[in-house]
Amino acid sequence: MIRVIAAAATVALLCVAVPRAQQNTQLVMLGTGTPNADPDRYGPAVAVVVGDASYLVDFGIGVVRRAAAAERNGIRALGVTRLTRAFATHLHSDHTLGFADLIFTPWVLERETPLDVYGPLGVKAMANHLVEAYAEDLRIRSTGGEPAHKYDPRLVNVHEIAPGVVYRDERVTVTAFAVPHGAAQAFGYRFQTADRSIVISGDTGADSRIEDQCRGCDVLVHEVYSEAGLPSRPPAWQAYHKRYHTSSRQLGAIAARAKPGLLVLYHQLMWTSNEEELLKEVRSVYDGKVVSAHDLDVY
């Protein structure tokens with residue numbers, strides 16, 4: 001029988017203080033894409049790397065291979081069998097198409113423990129259905145002559161969360177906060193380590209909770225759309241984007257109030273515009289440091 005372990009809405013936290021020693025936290029942009037089928041931008045996925053541990057935010061298409069590419073570039077914590085913790089911002093397909101990959105590929109390659117996933121209501125059902133979809137693969141790999149694996153991949157540890165502190169270990173404290181994104185239950189996340197504070201928006205309309213979570217954070221990773229490119233979209237889509245995504249100038253205003261050390265643009269919706277114009281729009285209202293991220297960039 002398929003079994004997905006579900007946690008309560010709030011997570012029992014380890015009472016362990018984050019050490020003050022320098023940990024050299026890194027932010028790795030595994031995928032910066034959107035639903036658009038851009039071959040240069042894989043599905044949204046961001047990794048916060050602290051020492052030898054990695055924490056994924058979202059798992060868009062290609063997440064495991066992008067992680068393997070980052071390992072090849074020298075970030076050992078993103079080796080495939082080290083991918084054990086992930087946080088979903090929301091359940092839109094572009095942010096979750098790599099979920100099955102994240103469950104099964106590391107298992108086949110001898111990950112030693114099941115995957116832990118934190119996210120909104122519905123992530124348990126998603127994991128359950130994915131495991132059921134691959135039942136024949138599991139049967140063959142378990143009884144067809146492969147060496148015994150270290151655990152049953154059906155044991156996905158799913159934690160359906162509410163806003164607040166949702167995870168803590170000796171390296172990091174993770175706080176989830178609600179953001180507006182259509183009918184979806186959606187979260188942004190703040191990662192606090194000994195040496196850096198990183199806020200990741202996920203998909204969201206312009207929202208003051210982003211700046212409240214940042215307030216001088218080291219890095220703010222935020223979705224964005226180009227105001228110059230928006231008129232190329234049909235009117236109904238323009239209305240949707242205006243309500244549930246964040247324009248370049250709106251983001252510039254948020255960053256001007258939040259004052260991050262670095263503003264990183266991802267999930268860039270540009271349409272007929274381009275990165276140069278997108279950055280120009282942000283900088284028209286924000287004079288801080290800002291970059292437009294590409295896959296496998298490290299900050």
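**Reading a core and a loop threonine**

A: T246 is found in the loop between α7 (235-244) and α8 (248-258); helices (H or I, at least four residues) and strands (E, at least two) are DSSP runs, numbered from the N terminus. This is a predicted model, in which local features need pLDDT of at least 70, side-chain atom pairs count only at pLDDT 80 or more, and totals for chains, interfaces and linings use all residues. Residues are numbered from 1 along each chain as its sequence is written, and side-chain values use heavy atoms, with hydrogens and water left out.

Q: Is T246 buried or exposed?

A: Buried means under 20% relative accessible area, exposed over 50%, and partly exposed in between (1.4 Å probe, protein chains only). T246 is buried, at a relative accessible area of 0%.

Q: Which residues is T246 in contact with, leaving aside its neighbours within four places in sequence?

A: Contact means heavy atoms within 4.5 Å. The partners of T246 include H222, E223, Y225, L251 and I254. A polar atom of its side chain lies 2.7 Å from the backbone oxygen of T204, and one lies 3.3 Å from the backbone nitrogen of A206.

Q: Which residues touch the most other members of the largest nonpolar core?

A: A nonpolar core is a set of buried Ala, Val, Leu, Ile, Met, Phe, Trp, Tyr and Cys residues joined through side-chain atoms within 4.5 Å. Here the largest has 33 residues, and those touching the most other members are V28, L30, L56, F59, L78, F99 and L102. Helix α3 gives the most to this core, with 6 residues.

Note on methods. A polar contact is a pair of N or O atoms within 3.5 Å; within protein, one must be able to donate a hydrogen and the other to accept it, and residues adjacent in sequence count only if both atoms are side-chain atoms.
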